[in-house]
Amino acid sequence: PAAYFSDILFPLQFTNATQILTFGDNVELNALGALPLNSQLTGGITQSLIVFKGVSAMFQITGDAALGNLLVNAMPMATGTLAPRSITPTSKGLAFMSPEGMRIIDFSSTVSDPIGSAGTGVTIPFTYCTTPSRVAAAANGNVLRVSVQNNFNISPQYSEYWYDFPRGIWTGPHTFPANWIGLYNNTFIMAPLVVPAAL
């Protein structure tokens with residue numbers, strides 16, 4: 001239920017018992033995601049780390065241990081994720097699958113509503129996900145791809161959905177879902193579910 005950090009410039013060394021950040025309870029941390037922030041103070045980019053605690057809490061870590069200004073702030077949205085492989089950087093911020101659908105934390109730390117809520121897009125496959133830990137997601141400059149097993153169907157099946165950022169629309173279900181999705185130049189590399197040992 002805590003985050004430990006190594007000695008400065010020695011990533012394999014942990015010297016002091018004070019090199020730990022706690023988050024107020026004993027709920028385990030299940031995922032981390034990096035989020036660059038637009039800094040009003042410096043006029044540049046400040047790095048932060050989003051800590052996910054189950055489906056109901058997120059925290060943001062900012063600062064630097066070397067400067068003694070590490071801060072832990074609770075995110076003002078009571079949501080999180082059980083799908084650590086859905087956390088992916090996008091051109092709009094850090095995307096993740098919450099129990100309500102895909103969301104984005106933008107570069108000012110604002111958590112979006114589910115993308116496609118109230119019938120404006122796709123949320124049902126994400127809210128009825130059979131096994132959240134097996135969701136695979138990745139984004140390039142314009143497209144977010146998410147593979148998920150949709151339990152809402154009579155026979156649960158894996159499907160892939162694409163979100164087009166410039167147009168603001170979902171497409172899918174596409175019939176070539178992935179077990180893993182990675183980026184390569186301006187495209188994706190996928191490990192398909194139905195073809196073992198292949199990319």
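The chat below goes through a pocket, a surface patch and some backbone details of this predicted model.

Trainee: Let's start with the largest pocket; what volume does it have?
Mentor: In this predicted model, the largest pocket has a volume of about 260 Å³. Strand S1 (2-4), strand S4 (45-53) and strand S5 (57-62) are the elements that each give two or more residues to its lining.

Trainee: Which of those gives the largest share of the lining?
Mentor: That is S4, from which 3 residues of the lining come.

Trainee: And which residues lie nearest the centre of the pocket?
Mentor: The lining is made up of 14 residues, and those nearest the centre are Leu21, Leu49, Ile61, Gly63 and Leu70.

Trainee: How does the lining divide by class?
Mentor: Sorted by class, the lining of the largest pocket holds 9 nonpolar, 4 polar and 1 charged residues.

Trainee: Changing topic, which residues make the nonpolar surface patch?
Mentor: Phe176, Leu193, Val194 and Val195 make that patch, which covers about 340 Å². Phe176 sits in the loop that runs between strand S13 (169-174) and strand S14 (178-184).

Trainee: Why does Phe176 count as partly exposed?
Mentor: Its relative accessible area is 44%, so Phe176 falls in the partly exposed class, which takes in values between the 20% limit for buried and the 50% limit for exposed.

Trainee: Is Asn185 buried or exposed?
Mentor: Asn185 counts as exposed, because its relative accessibility is 66% and the exposed class begins over 50%.

Trainee: And what is the phi of Ser109?
Mentor: Ser109 also has a positive phi, of about 75°, although it is not a glycine. You will find Ser109 in the loop between strand S9 (101-105) and helix H1 (124-127).

Trainee: Why is Ser109 put in the buried class?
Mentor: With a relative accessible area of 16%, Ser109 is buried, because that class takes in values under 20%.

Notes: Residues numbered from 1 in each chain as written. Predicted model: local features only at pLDDT ≥ 70, side-chain atom pairs only at ≥ 80, totals over all residues. Heavy atoms only, no water. Patch = residues over 30% accessible without salt bridge, like charges linked within 9 Å, V, L, I, M, F, W, Y side chains within 5 Å. Areas by Shrake-Rupley, 256 points an atom, 1.4 Å probe, with all protein chains shown as cover. Salt bridge = Lys/Arg side-chain N within 4 Å of Asp/Glu carboxyl O. Helix = DSSP H or I, 4+ residues; strand = E, 2+ residues; numbered from the N terminus. Buried < 20%, exposed > 50% of the residue type's maximum accessible area, 1.4 Å probe, protein only. 1 Å grid on protein atoms, 1.4 Å probe; cavity = no way out; pocket = protein on both sides within 12 Å on 5 of 7 lines; lining within 4 Å. Points joined across faces, edges and corners; volume = space filled by probe spheres on them. Nonpolar A, V, L, I, M, F, W, Y, C, P; charged D, E, K, R; others polar.
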